[in-house]
Amino acid sequence: MRLSRTTKYLLLAALVLGLAVIYFPLLVVLLNSFNADTTFGWPPSSFTLEWWGRAAENEGALKALGTSVQAGLVATAIALILGTMAAFALQKYRFFGRNQVSLLIILPIALPGIVTGIALNNAFRTILGIDLGLFTAIVAHATFCIVVVFNNVVARLRRMGGNLEEASMDLGADGLTTFRLVTFPMLRSALLAGGLLAFALSFDEIIVTTFTLGTGLETLPIWILNNLFRPNQAPIVNVVAAVLILASTVPVYLAQRLSGDTTSGGRL
């Protein structure tokens with residue numbers, strides 16, 4: 001399909017405008033983290049690293065960062081195990097209710113976060129009698145992190161097919177050897193991409209966390225929300241937000257590069 005020059009320019013302008021709406025506010029946050037003016041006058045008259053130094057010494061922010069990293073790593077580990085197992089079960093076997101099970105696995109990420117948060121809060125406190133804490137937040141994060149890993153592994157298994165595994169078994173390899181030498185090497189990049197996306201999703205989650213973390217604990221996004229409207233904390237909040245932007249962008253970028261590797265068969 002050929003487009004006229006005017007149409008191309010209009011589409012380019014729409015693209016630039018859309019990207020500007022999305023990314024310009026993020027750029028403002030990054031610049032304000034270096035803004036020497038505590039009132040954040042725009043454009044910045046001078047820049048400083050003072051706020052970054054204060055943020056590095058802020059006990060509340062550091063504790064929240066540790067909580068976020070801990071929750072993200074454990075939730076990602078759970079998601080990698082359960083998501084991979086579910087992907088193999090649904091891709092390799094045919095059974096009654098297979099499509100319904102697949103829907104149930106994917107559904108948590110499609111539900112509104114507040115619905116998931118309320119449901120898990122009621123389940124933990126009312127049905128199971130578990131006090132809210134870091135454990136409940138990790139379980140809550142794992143429910144939607146599993147979806148990311150599941151989708152990545154299923155997509156890779158569909159691309160791989162079963163010819164190489166069948167050839168390996170025809171040559172005398174058992175199931176474990178075939179998985180170790182054939183299947184796993186081809187799945188590594190999909191697992192890594194799924195893990196990175198799951199960690200990023202857990203790291204910046206706030207709605208479900210609010211309902212499942214419990215009192216006395218804060219993740220980094222919750223710390224930002226709680227300190228956002230405190231004037232003396234505003235410069236540090238900008239620094240923490242900038243760190244959160246970078247911490248979320250890097251895993252997503254790496255996952256995109258790994259998921260887009262269609263020519264290497266999933267090999268790193």
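Modeller: Let us start with covering: a residue is buried under 20% relative accessible area, exposed over 50%, and partly exposed in between (1.4 Å probe, protein chains only). This is a predicted model, in which local features need pLDDT of at least 70 and side-chain atom pairs count only at pLDDT 80 or more, while totals for chains, interfaces and linings use all residues. Residues are numbered from 1 along each chain as its sequence is written, and side-chain values use heavy atoms, with hydrogens and water left out.

Now to your pair. Arg-54 is partly exposed at 42% relative accessible area, and Glu-50 is also partly exposed, at 36%. These two residues form a salt bridge, and their closest N and O atoms are 2.5 Å apart. The rule asks for a side-chain nitrogen of Lys or Arg within 4 Å of a carboxyl oxygen of Asp or Glu. In general, side chains of opposite charge can pair when their charged atoms come close. Where do Glu-50 and Arg-54 sit relative to each other in helix 2? Helix 2 covers residues 50-57, and because Glu-50 and Arg-54 are four residues apart in it, about one helical turn separates them. Helices (H or I, at least four residues) and strands (E, at least two) are DSSP runs, numbered from the N terminus. If you apply the salt-bridge rule to the model, the count comes to one.

From this pair, let us step out to the whole chain. The protein chain has eleven helices and zero strands, giving the pattern α-α-α-α-α-α-α-α-α-α-α along the sequence. Its C-alpha atoms fill a box of roughly 70 × 65 × 30 Å, taken along the principal axes. Of the 268 residues in the protein chain, 38% are buried. Contact means heavy atoms within 4.5 Å. Among contacts between residues at least 6 apart in sequence, 69% join residues at least 24 apart.

Helix 3 (residues 59-92) packs with helix 4 at an angle of about 155°, and their axes are 10 Å apart. Helix 3 is therefore roughly antiparallel to helix 4. The contact uses Ala-86, Leu-90 and Gln-91 from helix 3, together with Arg-98, Val-101, Ser-102 and Ile-105 from helix 4. Helix 4 (residues 98-110) also meets helix 6 (residues 134-160): their axes come within 7 Å and cross at roughly 120°, so helix 4 and helix 6 are oblique to each other. On the helix 4 side, the residues are Ser-102, Ile-105, Ile-106, Pro-108 and Ile-109; their partners in helix 6 include Thr-143, Phe-144, Val-147 and Phe-150. Axes are lines fitted to C-alpha atoms, for helices over the stretch in contact, and angles run from 0 to 180 degrees between N-to-C directions. Under 35 degrees counts as roughly parallel, over 145 as roughly antiparallel, 65 to 115 as roughly perpendicular, and the rest as oblique.

Helix 5 (residues 113-127) holds Thr-116, and Gly-117 lies in helix 5 too. Thr-116 counts as buried at 11% relative accessibility, while Gly-117 is buried at 0%. Leaving aside residues up to four places away in sequence, Thr-116 touches Pro-108, Leu-111 and Val-208. With neighbours within four places set aside, Gly-117 contacts Val-208, Phe-211 and Thr-212.

Finally, the UniProt record, an unreviewed entry, labels residues 65-255 as "domain: ABC transmembrane type-1". In the model, that span is 82% helix and 0% strand, and its end C-alpha atoms lie 22 Å apart. The unreviewed entry also annotates "transmembrane region" over several stretches, including 69-89 and 234-254. Residues 69-89 are 100% helix, with end C-alpha atoms 30 Å apart; residues 234-254 are 100% helix as well, with ends 31 Å apart. UniProt positions follow the numbering used here, feature names are shortened, and annotations may be inferred rather than shown by experiment.
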